[in-house]
Amino acid sequence: MLSDRSRPVIEATLPVVAENIEEIARRFYAHLFDAHPELLDGTFNRGNQAEGTQQVALAGSVAVFASALVKDPEQVPEHLLARIAHKHASLGITPAQYDVVHDNLFWAIVDVLGPAVTPEVAAAWDEVYWLMAYALINMERGLYSSRGVRPETVWRDWEVTERTDETADVVTFRVRRIDDRLVKTSLPGQYVSVRVQMPDGVRQPRQYSLTRADDGQHRQFSVKRVRGGDKPDGEVSNQLCDRAQVGDVLTLSLPFGDVVLDDSGRPVVFLSAGIGVTPMAGMLSHLTAAGSRLPITMLHADVDEESFALRRQVLHDVRRLPGAELHVWYERGAHGTLPVDGLHAGTVDLDEVDLPVGAAYYLCGPLPFMRAVRGALLDRGVPPRDIQYEVFGPDLWQADMVTETAPGATDPVTEGAQ
Ligand SMILES: Cc1cc2nc3c(=O)[nH]c(=O)nc-3n(C[C@H](O)[C@H](O)[C@H](O)COP(=O)(O)OP(=O)(O)OC[C@H]3O[C@@H](n4cnc5c(N)ncnc54)[C@H](O)[C@@H]3O)c2cc1C
Ligand code: HEM
């Protein structure tokens with residue numbers, strides 16, 4: 001809990017910290033990588049650094065966490081941290097690295113805010129940092145120990161046994177274990193970090209959702225090429241799609257991820273767009289393997305049928321699930337040969353389908369898609385706690401809450417935590 005001494009100091013300085021936190025995060029990362037260039041080899045994603053999204057995510061998480069503590073100093077808002085802890089665990093982050101991050105973060109705070117950082121202010125923010133850090137360290141320790149690994153041993157080599165061109169831009173990889181160690185199970189909806197050596201010798205990790213249930217031997221994931229347009233092309237996705245061949249060895253982390261199918265026996269609605277289909281395909285595959293009889297509604301949006309990755313696997317699984325339906329929306333019109341349950345033109349319109357009562361909702365796709373769909377669900381009275389979403393990048397939703405979470409604002413934190 002936050003001490004009585006620190007609470008008023010955090011409350012008083014939160015607006016100025018929140019206002020400057022993205023600049024603090026920018027300088028923090030520059031300073032961190034100057035002092036520890038090894039963190040850019042295999043740990044941090046340099047694409048997110050170049051785009052600035054990781055800086056925004058870090059800043060947002062600190063501001064949201066501090067706001068929640070000011071509101072309720074007795075309660076460390078651990079639920080805000082699950083996504084971060086899973087991402088950290090998938091990258092093998094260690095407790096000792098929290099000291100390194102601390103020192104560089106506090107250097108950046110002083111660098112940006114200057115003399116405003118009195119010893120009293122520094123001590124109060126130090127307390128917030130360590131509340132956050134220990135909550136994360138404990139969650140990560142739990143994640144490592146429940147999987148029987150240490151941070152250094154989350155990685156393992158696999159051999160590519162199949163590569164399938166799903167669409168013009170998406171390749172599915174199936175990999176098989178090459179050692180005798182047991183293949184650890186995954187929960188439906190989880191991802192792995194894949195660590196790839198780039199042409200300049202630097203290793204780069206990226207996350208890919210698992211698209212098939214476990215069979216004790218394989219993992220499967222699908223990669224969409226990121227085309228840069230006026231920016232550089234995505235480095236890892238293109239390297240994998242262009243270069244990774246059958247027989248090659250790829251390094252994958254254990255599966256992690258907090259957006260997983262709830263096993264409460266409620267109806268399920270999947271809402272995906274584009275490559276956001278991947279976690280849904282994984283969850284459907286798990287439901288099929290378990291012989292589920294639940295009411296399941298899969299709603300997917302894409303450009304056209306040819307662009308719908310994993311469509312045959314998804315349809316095959318839907319047909320094996322007695323309570324499942326598949327509806328698709330194609331931007332280029334309601335044309336296609338797949339025998340789906342509903343073929344619609346344009347973008348997802350929830351008025352065109354019947355949604356089961358009391359369902360758990362899972363969303364994945366571009367942020368504007370998820371915002372629109374989530375808004376439509378909330379308008380229909382679906383409670384926020386029934387809607388989970390997966391973001392294919394650093395989660396910027398919490399950052400959006402920063403301005404709303406200034407002391408005195410109404411309950412945005414629980415909203416941001418969905
Ligand atoms: C939990 C999770 C699950 C995911 N699941 C999947 C999945 O199942 N399938 C899938 O395909 N993807 C998935 N992703 C996304 C995936 O992890 C990668 O982010 C994606 O493949 C892009 O990586 P990349 O290396 O190709 O692109 P990057 O090189 O990281 O580039 C990303 C963006 O940054 C821009 N950029 C890069 N360098 C610069 C620069 N110097 N200046 C300006 N802009 C720059 C690029 O133009 C591009 O738009 C998932 C992500 C997460 C977090
Ligand atoms: C209290 C301390 C910390 C906080 C608040 C924090 C916060 C975050 C947040 C918000 C994300 C983005 C999660 C997402 O939505 O994907 C993240 C990712 C990450 N964090 Fe931390 N973190 C902390 C400590 C650390 C430490 C000690 C390390 C080790 C060097 C670390 C390394 C990383 C890496 C490598 C990523 C993924 C970055 C990317 O993909 O761009 N973090 N962290």
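Buried means under 20% relative accessible area, exposed means over 50%, and partly exposed is in between, all with a 1.4 Å probe and protein chains only. By that rule Pro188 is buried, because its relative accessible area is 15%.

Before going on, some conventions. This is a predicted model, in which local features need pLDDT of at least 70 and side-chain atom pairs count only at pLDDT 80 or more, while totals for chains, interfaces and linings use all residues. Residues are numbered from 1 along each chain as its sequence is written, chains are lettered from A and ligands numbered from 1 in the order in which they are written, and side-chain values use heavy atoms, with hydrogens and water left out.

Back to Pro188. This residue sits in the loop between strand 2 and strand 3; helices (H or I, at least four residues) and strands (E, at least two) are DSSP runs, numbered from the N terminus. Leaving out residues up to four places away in sequence, Pro188 touches Val259, Val260, Leu261, Met283 and His286, where contact means heavy atoms within 4.5 Å. Pro188 and Val128 are 60 residues apart in sequence, and their C-alpha atoms are 33 Å apart.

Now compare Val192. Val192 belongs to strand 3 and is buried, at 0% relative accessibility. Pro255 is 63 residues away from Val192 in sequence, but 4.7 Å away in space, C-alpha to C-alpha. Pro255 is also on the list of residues that Val192 touches, which includes Arg206, Gln207, Tyr208 and Leu252.

Next, helix 7, residues 235-243. Which of its residues are buried? They are Val236, Ser237, Asn238, Gln239, Leu240 and Cys241. Those buried residues pack against strand 1 (155-165), strand 2 (170-177), strand 3 (191-197), strand 4 (203-209), strand 5 and strand 6 (249-253).

Strand 5, residues 218-224, holds Gln220. Gln220 is buried, because its relative accessibility is 5%. Its side chain makes a polar contact of 2.8 Å with the side chain of Arg212. A polar contact is a pair of N or O atoms within 3.5 Å; within protein, one must be able to donate a hydrogen and the other to accept it, and residues adjacent in sequence count only if both atoms are side-chain atoms.

Gln220 also touches Leu310, among others. Leu310 lies in the loop between strand 8 (296-302) and helix 9 (311-320), and is buried at 2% relative accessible area. Most residues other than glycine have a negative phi. Leu310 has a positive phi, near 65 degrees.

Is Arg227 buried or exposed? Arg227 is exposed, with a relative accessible area of 56%. Arg227 is in the loop between strand 5 and helix 7.

On to the ligands. A residue is near a molecule or strand if one of its heavy atoms lies within 4 Å of it. Around ligand 1 there are 25 residues, and Arg206, Gln207, Tyr208, Pro232 and Ser237 come nearest. Backbone atoms make several approaches here. An N or O atom in the backbone of Gln207 is 2.6 Å from an oxygen atom of ligand 1, and one in the backbone of Pro232 is 2.5 Å from an oxygen atom of that ligand. For Ser222, a backbone N or O atom lies 2.9 Å from a nitrogen atom of ligand 1.

Ligand 2 has 23 residues around it, and the nearest are Asn48, Arg83, Lys87, His88 and Asp395. The side chain of Arg83 has an N or O atom 2.7 Å from an oxygen atom of ligand 2. A polar side-chain atom of His88 is 2.8 Å from a nitrogen atom of ligand 2. Asp395 uses a polar backbone atom, 2.7 Å from an oxygen atom of ligand 2.

Last, a helix pair. The axes of helix 1 (residues 6-35) and helix 6 (residues 119-147) come within 9 Å and cross at roughly 95 degrees. Axes are lines fitted to C-alpha atoms, for helices over the stretch in contact, and angles run from 0 to 180 degrees between N-to-C directions. Helix 1 and helix 6 are therefore roughly perpendicular, a label for angles of 65 to 115 degrees. Among the residues making the contact are Val9 and Leu14 of helix 1 and Ala124 and Trp125 of helix 6.

Terms used:
Parallel < 35°, antiparallel > 145°, perpendicular 65-115°, else oblique.
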